[in-house]
Amino acid sequence: MNPVSLPLPPLRRAAALVLLGALALGGAAGCSTAADSVPRTPQEQAQEPSPTGTPTPTPTSASASASTATDVGWVQLMTPMNQQAAKLLTLAAARAAEPRVRDFAVRLRTGQEAELDRLRALLTRMGLPGTDVHAGHDMPGMVTVRDLEAARAAEGPAFDRLVLLQIRDHLRQSAQVSRSEITSGRRADARELAAALVTARQASLAELERLPGAGRALG
């Protein structure tokens, strides 16, 4: 929802923040309406007895056995975060009043889409579906359907301010959860991608804060 005038309802924002805390602690990711939406890792499945009491065989795939709940939670959150941000950046590239904001949106969208290619490839290697398990949830840093509707309704400097606020939130929150993956994840390829995302977001945030109007928009 539009952070300018419609803050998250306290209960839903609190529930959403649980996800960030879970990632920071290296636990399984939840969400505001479906805490068990993240698939169990192969290790967790292997530890559970089968209905007959016979232990479930441990998978032999090296890539599967390297995944933890933190890895799963991170990639399943980052993928829709980038997808939604790219939609807002597409609007900004076409409609921002300030030319430098338009240029920034074009370049950032290109980077986000390149990251999406790597995130989707990681989902495939991990044997995870490409569906958005967080669809319809109010997550910190996630550009929602209502955010996009508000952007389409805004014009001129008001549009630019909305975009700057939304994108700053996206960059900050996605960097936060990516740092948690670096610290608590196990997969080398996931942690490498998370590190690349953090570096990119630090550079983007620094550039965003130098854009015309950023001082007034961001406070």
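**View 1. The side chain of N82 and the backbone of Q112.** A polar atom of the N82 side chain lies 3.3 Å from the backbone oxygen of Q112. This is a predicted model: local features need pLDDT of at least 70, side-chain atom pairs count only at pLDDT 80 or more, and totals for chains, interfaces and linings use all residues. Residues are numbered from 1 along each chain as its sequence is written, and side-chain values use heavy atoms, without hydrogens or water.

View 2. N82 sits in helix α4, residues 69–95. Helices are DSSP runs of H or I, at least four residues, numbered from the N terminus. N82 is buried, at a relative accessible area of 0%. Buried means under 20% relative accessible area, with a 1.4 Å probe and protein chains only. Beyond four places in sequence, N82 is in contact with Q112, E115, L116, L119, H170 and R201. Contact means heavy atoms within 4.5 Å.

**View 3. The largest nonpolar core.** This core has 28 residues. L88, F159, L164, I167, L208 and L211 have the most contacts inside it. A nonpolar core is a set of buried Ala, Val, Leu, Ile, Met, Phe, Trp, Tyr and Cys residues joined through side-chain atoms within 4.5 Å. Helix α7 gives the largest share, seven residues.

**View 4. L164 and its contacts.** Not counting residues up to four places away in sequence, L164 touches L208, L211, P212, G213, A214, A217 and L218.

Key
Helix = DSSP H or I, 4+ residues; strand = E, 2+ residues; numbered from the N terminus. Buried < 20%, exposed > 50% of the residue type's maximum accessible area, 1.4 Å probe, protein only. Polar contact = N/O pair within 3.5 Å; in protein donor to acceptor, adjacent residues only side chain to side chain.
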